[in-house]
Amino acid sequence: MADAAVNETRRVLIAADKFKGSLTAVQVAERVTAGLRRVVPGLDVEALPVADGGDGTVDAAVAAGFERREIRVAGPLGQEVTAAFALRGTTAVVEMAEASGLQRLPAGVFAPLTSSTYGSGELLRAALDAGARTIVFGVGGSATTDGGAGMLSALGARFLDADGEPVSPGGGGLAELARADLSGLDPRLSAVELVLASDVDNPLTGPKGAPAVYGPQKGASPDDVATLDAALAHFAKVLEAAVGPRAAEHAAAPGAGAAGGIGYGALLLGARFRPGIEVMLDVLGFAPALDRADLVITGEGSLDEQTLHGKAPAGVAAAARAAGKDVVAVCGRLALPEEALHRAGIGRAYPLTSVEPDVAKCIADAGPILERVAERIGQDFLR
C-alpha cells in the first residue's frame, strides 16, 4: 500500500472471529479498537463481530442487533441447560453448539456413542414458536455424532427398534433402529426457509464422514468410530425405506457430515447448505459495513490451513478483496506463510506472539497483548 493511501485511511471495519479460549469476537473488536485509538484518537471504527456457524454464532448475531432469546433445553447427555438463539423480525439464528456443543459436557467427559442433538431440535422449535420464517442453523463444535436423530425426534420424528420402542439416544443407539417415522414432524417446518450454515462439506459416512474425521475430537476410539460409521449408514438405509431415495442422496451430499451428522438431519428437513461465513456475512449486514470502510481488520485465534477452508477470516478477506479493500489480520498464532495469506486476500498478519513470544502469556493475557498488536497496526496503516 502506498504512503498516500495509508494517510487517507480513516475508517476501519473490525470483522474478526473469537480467539477460542481467550477472547470472544466482541472482546477482540473492543481490544483492537482501544489499541488503534491510542495511535489515532477519535478514529472512526465500526465493529462487526463475525462467526462461521460454529460456537459464537448467536453472540455475533446479537452484537449485530438481533435479540437474544434464552430457553431451557436438553444438553447432549440429557441434562437441562440454558441455551440461546437470536431473533430479528422473522429471521432466527440458531446455533446447535448452544444446546449440543462440546462445551455442554462436564470437564473431561466425552460421550461419543450416547450424546444427543435433542436440545438442538428444541432450539429450532423455539425459533418456530417465536415466529421465525427464516432460520439460519449454524452447526459446529458439537459433542454429538447422531446424524441429527435427536434433533429430528424433538421436532416430532420417531425412531423405533424391533419392539416398537424408541432407540437409545446418540449415534450408538441407531444400530438398533428398525423403523423411522417422519410423519409427525412439525408442519411449520415446510413453510420455513432453513439454511444449514457450516464450514465443513463432509458427507455423512465413509473415510471423510462425520465419525472418521470428527469422532476422535469427541472422544471416539477407533472402535467407536467404526461403530458410529456403521450405525449412521444403517440410519440412512432405514430412512431411505421411510422417505425414499432422497435419504441416500442427502447422506452423500456436502454438509451432511457437519457437526456429527446433524447436517444430514437438517437436509432431510429441506435445509439449503451454504458456507457458514457467507451466510453470516449476509445476515450480519457485512456488505454495507464494508462499503463504509477503508481498512478491514479480521482474524481468529489461529491462522492456519483450516482458516483457508471456509473459516471466518478467509470469508471476510475474500469479500473485502472483491470490493478492493485492504485487509490485515490479527491472531494468537500464525501458521501460514506470507504467500498463502496474500492468496487469501490478507495483506499482513499480526500474531500476538509478535509482541509476546511466550504462548502461555498470549493465551492468559490475550486482551492487553492484542491492544499492543493493534497499536502496531495503527502505526503501520493509519499514521
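Predicted model: local features only at pLDDT ≥ 70, side-chain atom pairs only at ≥ 80, totals over all residues.
Close-up 1. Ser302 stands opposite Arg333 of strand S12. The strands involved are S11 (residues 295–303) and S12 (residues 326–334), which pair in the parallel sense. Eight bridges join S11 and S12.

**Close-up 2. The open five-stranded sheet.** The strand order is S2-S1-S11-S12-S13, and the pairing is parallel. Strand S2 (44–47) and strand S13 (348–351) form the edges, each pairing on one side only. From one strand to the next, the twist averages 25°.

**Close-up 3. Helices H2 and H16 against the sheet.** Helix H2 (residues 25–39) lies across strands S1 (11–14), S2, S11 and S12. H2 runs at about 155° to S1. H16 packs on the sheet and touches S11, S12 and S13. The direction of H16 makes about 150° with that of S13.

**Close-up 4. Helix H16 by itself.** H16 spans residues 366–381, 16 residues in total. From first C-alpha to last, H16 reaches 22 Å, close to the 22 Å expected at 1.5 Å a residue. Buried positions in H16 include Ala366, Ile369, Leu370, Val373, Ala374, Ile377 and Phe381. Glu371 of H16 is also buried.

**Close-up 5. The packing of H2 and H16.** The two helices pack at an angle of about 45°, with axes 7 Å apart. H2 and H16 are therefore oblique to each other. The crossing of H2 past H16 is right-handed. On the H2 side, contact residues include Val28, Arg31, Val32, Gly35 and Val39. On the H16 side, they include Gly367, Leu370, Glu371, Ala374 and Gly378.

Note on methods. Residues numbered from 1 in each chain as written. Heavy atoms only, no water. Helix = DSSP H or I, 4+ residues; strand = E, 2+ residues; numbered from the N terminus. Expected span 1.5 Å × (residues − 1). Buried < 20%, exposed > 50% of the residue type's maximum accessible area, 1.4 Å probe, protein only. Pairing = 2+ DSSP bridges. Axes fitted to C-alpha atoms, helices over the stretch in contact; angles between N-to-C directions. Contact = heavy atoms within 4.5 Å. Parallel < 35°, antiparallel > 145°, perpendicular 65-115°, else oblique. Left-handed = near helix turned anticlockwise from the far one by under 90°.
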